[in-house]
Amino acid sequence: MAELDQLPALELHPKGAVSIGGDPWAGAHCVDDTGGAWLTATRFYAYGGTRKEVLDYYGREAAAAGWRPVEDLDAAFGAGFVVFCFESADRPSMTLDFASPERLREYYGTQPHPASLLGVDARTWFSWSTEATPDGSRISC
């Protein structure tokens, strides 16, 4: 898990995005559900810009770091997607996931929103994460 959590691509984030640390927001975890176990490492951010700005950033920077989007980002964004996946031939896939305050309350039971706790004027909340199998091998999108 520590190796997955130190993947350099996890540190990519737009300028001005504020990292929200601590469990359950960030770090590496082993997840075990009825579908089997896997490892995940996540960074969660509050950002004052738009979802489109975040997506454009990752479209450029993830590609420069060796990850390609699985789908056409503009078409997927236009269709209302909130989860975007990026793949690399030899490294774990990366996932960009936009979250609403309602979804955060549902999944994490948080109230108020974590950005409020940090005193951040944020209108966009997103996570940038990666997953691997328990032996550390890559999981594709």
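In which sense do strand β4 (residues 68-69) and β5 pair, and over how many bridges? The two strands pair in the antiparallel sense over 2 bridges, where pairing requires that DSSP finds at least two bridges between the strands. This is a predicted model, in which local features need pLDDT of at least 70 and side-chain atom pairs count only at pLDDT 80 or more, while totals for chains, interfaces and linings use all residues. Residues are numbered from 1 along each chain as its sequence is written, and side-chain values use heavy atoms, with hydrogens and water left out.

**Overall architecture**

- The secondary structure of the protein comprises 5 helices and 7 strands; helices (H or I, at least four residues) and strands (E, at least two) are DSSP runs numbered from the N terminus.
- Read from the N terminus, the order of the elements is α-β-β-β-α-β-α-β-β-α-α-β.
- Of the 141 residues in the protein, 40% are buried; buried means under 20% relative accessible area, exposed over 50%, and partly exposed in between (1.4 Å probe, protein chains only).
- The accessible surface of the protein comes to about 7,500 Å², and 51% of this surface belongs to carbon and sulfur atoms; areas come from the Shrake-Rupley method with a 1.4 Å probe, and for residues only the protein chains shown count as cover.
- Among contacts (heavy atoms within 4.5 Å) between residues at least 6 apart in sequence, 69% join residues at least 24 apart.

- Strand β5 (residues 83-87) has 4 of its 5 residues buried, so the strand is largely enclosed by the rest of the structure.
- With strand β6 (residues 94-99), β5 pairs in the antiparallel sense over 4 bridges.
- Within that pairing, F84 has L96 in β6 as its bridge partner.
- β5 and β6 form a hairpin, and 6 residues lie between them.

**Nonpolar cores**

- The largest nonpolar core has 26 residues, and those with the most contacts inside it are Y58, F84, F86, M94, L96, F126 and W128; such a core is a set of buried Ala, Val, Leu, Ile, Met, Phe, Trp, Tyr and Cys residues joined through side-chain atoms within 4.5 Å.
- Two or more residues of this core come from each of β3 (36-47), α2 (51-64), α3 (73-78), β5, β6 and β7 (124-132).
- The element that gives the most to this core is α2, with 5 residues.
- A second, separate core of 7 residues includes I20, A46, A99 and L104.
- Not counting residues up to four places away in sequence, W128 touches A9, L10, L12, A41, T42, R43, Y58, A62, F86, M94, T95 and L96.

**Salt bridges**

- Side chains of opposite charge can pair when their charged atoms come close.
- A search of the whole structure finds 6 salt bridges, each defined as a side-chain nitrogen of Lys or Arg within 4 Å of a carboxyl oxygen of Asp or Glu.
- One of them joins D5 and R43, whose closest N and O atoms are 2.8 Å apart.
- This pair links distant parts of the chain, with D5 in helix α1 (residues 2-5) and R43 in strand β3, 38 residues apart.
- D5 is partly exposed at 22% relative accessibility, whereas R43 is buried at 11%.
- K52 forms a salt bridge with D74, with the closest N and O atoms 2.6 Å apart.
- Because K52 lies in helix α2 and D74 in helix α3, this pair ties together parts that are 22 residues apart in sequence.
- K52 is partly exposed, with a relative accessible area of 27%.
- R91 and D90 also meet through their side chains in a salt bridge (3.6 Å, N to O).
- R91 is partly exposed at 27% relative accessible area, whereas D90 is exposed at 62%.
- Salt bridges with shared partners join D5, E11 and R43 into one network.

- T130 lies in strand β7 and is buried, with a relative accessible area of 1%.
- The side chain of T130 reaches the backbone oxygen of S93 at 2.8 Å.
- Leaving aside neighbours within four places in sequence, T130 is in contact with L4, L7, L10, L39, T40, A41, P92, S93 and M94.
- W38 belongs to strand β3 and counts as partly exposed at 21% relative accessibility.
- W38 and P134 are 96 residues apart in sequence, and their C-alpha atoms are 5.2 Å apart in space.

Technical notes:
A polar contact is a pair of N or O atoms within 3.5 Å; within protein, one must be able to donate a hydrogen and the other to accept it, and residues adjacent in sequence count only if both atoms are side-chain atoms.
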